[in-house]
Amino acid sequence: MQRKDETMLFCQSCAMPMVKEGDFGTNADGSQNTDYCVYCYQDGKFLSEITMEEMIDFCAPIVSKGNPYNSVKQAKVAMLGIFPKLKRWKEN
Ligand SMILES: [Zn+2]
């Protein structure tokens, strides 16, 4: 088993790992955007203008079903450590 963590891309808005083509967002010209995922960014703009806290509230239940976190609380704590470092939230 070989892991390629160093080349793994994470969405710079919601921290979702982007592994296959359909995971990536799209630029205004239809090309692939490697910074953001398809759920956050399409056609050159964010799908929803929300705050970092709202994004964490939205994502926590999704990632807390035992993969990778076991509870919403655990997910939120982890996300509060990760999200401020992401490109979308760092610039604000
Ligand atoms: Zn995303």
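In which loop is Ala-15 found? In this predicted model, Ala-15 is placed in the loop between β1 (9-10) and β2 (17-18). Its phi is positive, at about 70°, although Ala-15 is not a glycine. Ala-15 is partly exposed, because 18 other C-beta atoms lie within 10 Å, and a residue needs 20 or more to count as buried.

The protein contains 3 helices and 6 strands. From the N terminus on, these elements follow the order β-β-β-β-β-β-α-α-α. The radius of gyration is 13 Å, close to the 12 Å that the globule rule gives for 92 residues, so the protein is as compact as a globular protein of that length. Along the principal axes, the C-alpha trace spans about 40 × 40 × 20 Å. Of the 92 residues, 22% count as buried. Among contacts between residues at least 6 apart in sequence, 32% join residues at least 24 apart.

In the strand region, β3 (residues 24-26) pairs with β4 (32-37). The pairing is antiparallel and runs over 3 bridges. Phe-24 has Cys-37 in β4 as its bridge partner. The hairpin formed by β3 and β4 has 5 residues between the strands, and Gly-30 in this hairpin takes a positive phi near 90°.

Two further loop residues follow β4. Tyr-39 lies in the loop between β4 and β5 (41-42). With 17 other C-beta atoms within 10 Å, Tyr-39 is partly exposed. Tyr-39 and Ile-50 are 11 residues apart along the chain, and their C-alpha atoms are separated by 13 Å. Asp-43 is located in the loop between β5 and β6 (45-46). Like Ala-15, which has a positive phi without being a glycine, Asp-43 is a non-glycine residue with a positive phi, here of about 55°.

The largest nonpolar core has 15 residues, of which Cys-11, Cys-14, Cys-37 and Cys-40 touch the most other members. Two or more residues of this core come from each of β4, α1 and α2. The largest contribution is that of α1, with 3 residues. In soluble globular proteins, nonpolar side chains tend to be buried together. The contacts of Cys-11, leaving aside neighbours within four places in sequence, are Met-16, Met-18, Tyr-36, Cys-37 and Cys-40. Cys-37, one of these contacts, is also the bridge partner of Phe-24.

Helix α1 (52-63) has 12 residues and reaches 16 Å from its first C-alpha to its last, close to the 16 Å expected at 1.5 Å a residue. The buried residues of α1 are Met-55, Ile-56 and Cys-59. Seen down the helix axis, they fall within an arc of 95°, so these residues line one face of α1. Glu-54 and Pro-61 are exposed on the face of α1 turned away from the buried side. The buried residues of α1 pack against α2.

Helix α2 (residues 72-82) has Ala-75, Lys-76 and Met-79 as its buried residues. Because they cover an arc of only 100° around the axis, these three residues are on the same side of α2. Lys-73, Leu-80 and Gly-81 are exposed on the other side of α2. The cover over the buried residues of α2 includes α1.

Not counting residues up to four places away in sequence, Lys-76 touches Ile-56 and Ala-60. Of these, Ile-56 is one of the buried residues of α1. Lys-76 and Lys-20 are 56 residues apart along the chain, with a separation of 26 Å between their C-alpha atoms.

Definitions and conventions: Residues are numbered from 1 along each chain as its sequence is written. This is a predicted model: local features need pLDDT of at least 70, side-chain atom pairs count only at pLDDT 80 or more; totals for chains, interfaces and linings use all residues. A residue is buried if 20 or more other C-beta atoms lie within 10 Å of its own, exposed if 12 or fewer, and partly exposed in between; C-beta atoms are placed from the backbone. Helices (H or I, at least four residues) and strands (E, at least two) are DSSP runs, numbered from the N terminus. The arc is that of the directions from the helix axis to the C-beta atoms. Two residues are in contact if their C-beta atoms, placed from the backbone, lie within 7 Å. A nonpolar core is a set of buried Ala, Val, Leu, Ile, Met, Phe, Trp, Tyr and Cys residues joined through C-beta atoms within 7 Å. The radius of gyration is taken over C-alpha atoms; the globule rule is 2.2 Å times the number of residues to the power 0.38. Two strands pair if DSSP finds at least two bridges between them. The expected span of a helix is 1.5 Å times one less than its number of residues.
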